[in-house]
Amino acid sequence: MSRLLDDEEIARQLRDLPGWERVEGHLVATYESPSFLEAVRLVEWVADEAEQMDHHPFVDIRMARTRWELWTHWRDGITQLDVELAHRIRQRAEATGARVTTAGDADDDGRRRGTPAPGPSTGPR
Ligand SMILES: C[C@H](O)[C@H](O)[C@H]1CNC2=NC(N)=NC(=O)C2=N1
């Protein structure tokens, strides 16, 4: 259960986890919940699961957005426990109306990536 997964196994299992990607040897995804409170509740729900699994995520909450980073610390890599926890997070997130964000989505400040900040007004003088 806790052996390290190889590249091929990780790639194959990621196909069932839309929005999750491998970043520097960790499984990473970001969800946008309908509200800040829903995001906090999602974290609370996952906290209970994590305790039962004795397997814990790194998680960031920024307003309604949660960013999850999973790996097996004592193995220093990704095991089936990380994949299992990712599935539980995904199922709960979707059930509570969160959507997974991808690279093209808005940044933390609400601006879309790659779009410049608004410049000076070009309206009539
Ligand atoms: C003693 C206890 O079982 C370990 O510290 C557990 C707790 N939760 C954990 N969580 C994660 N993500 N990786 C671990 O290696 C880990 N180890």
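Student: Which pattern does the protein follow when read along the sequence?

Tutor: This is a predicted model, in which local features need pLDDT of at least 70 and side-chain atom pairs count only at pLDDT 80 or more, while totals for chains, interfaces and linings use all residues. Residues are numbered from 1 along each chain as its sequence is written, and side-chain values use heavy atoms, with hydrogens and water left out. Helices (H or I, at least four residues) and strands (E, at least two) are DSSP runs, numbered from the N terminus. The protein has 3 helices and 5 strands, and along the sequence they give the pattern α-β-β-α-β-β-α-β.

Student: What percentage of the residues of the protein count as buried?

Tutor: Buried means under 20% relative accessible area, exposed over 50%, and partly exposed in between (1.4 Å probe, protein chains only). Of the 125 residues, the share that counts as buried is 36%.

Student: Why do the buried residues of helix 1 line one face of the helix?

Tutor: Helix 1 spans residues 7-14, and its buried residues are Glu-9, Ile-10, Gln-13 and Leu-14. The arc is taken from the directions from the helix axis to the C-beta atoms. Seen down the axis of helix 1, these buried residues line one face because they fall within an arc of 130°.

Student: Against which elements do the buried residues of helix 1 pack?

Tutor: Contact means heavy atoms within 4.5 Å. By that criterion, the buried residues of helix 1 pack against strand 1 (21-23), strand 2 (26-32) and helix 3 (80-95).

Student: Which residue caps the N-terminal end of helix 1?

Tutor: A polar contact is a pair of N or O atoms within 3.5 Å; within protein, one must be able to donate a hydrogen and the other to accept it, and residues adjacent in sequence count only if both atoms are side-chain atoms. At this end of helix 1, a side-chain oxygen lies 3.1 Å from the backbone nitrogen of Glu-8. The residue that supplies this oxygen is Asp-6.

Student: Is Glu-49 buried or exposed, and to which side chain does a polar contact join the side chain of Glu-49?

Tutor: Glu-49 lies in helix 2 (residues 36-53). With a relative accessibility of 15%, Glu-49 counts as buried. The polar contact, at 3.0 Å, joins the side chain of Glu-49 to that of Arg-88.

Student: Which residues are in contact with Met-53, leaving aside its neighbours within four places in sequence?

Tutor: Met-53 is also placed in helix 2 and is buried, with a relative accessible area of 14%. Met-53 and Leu-85 are 32 residues apart in sequence, yet their C-alpha atoms are 8.4 Å apart in space. With those neighbours set aside, the contacts of Met-53 are Leu-81, Glu-84, Leu-85 and Arg-88.

Student: What percentage of the area that the ligand exposes when taken alone does the protein bury?

Tutor: A polar side-chain atom of His-56 lies 2.8 Å from a nitrogen atom of the ligand, and an oxygen atom of the ligand is 3.1 Å from a polar backbone atom of Trp-74. Taken alone, the ligand exposes 390 Å², of which the protein buries 59%. Accessible areas come from the Shrake-Rupley method with a 1.4 Å probe; for residues, only the protein chains shown count as cover.
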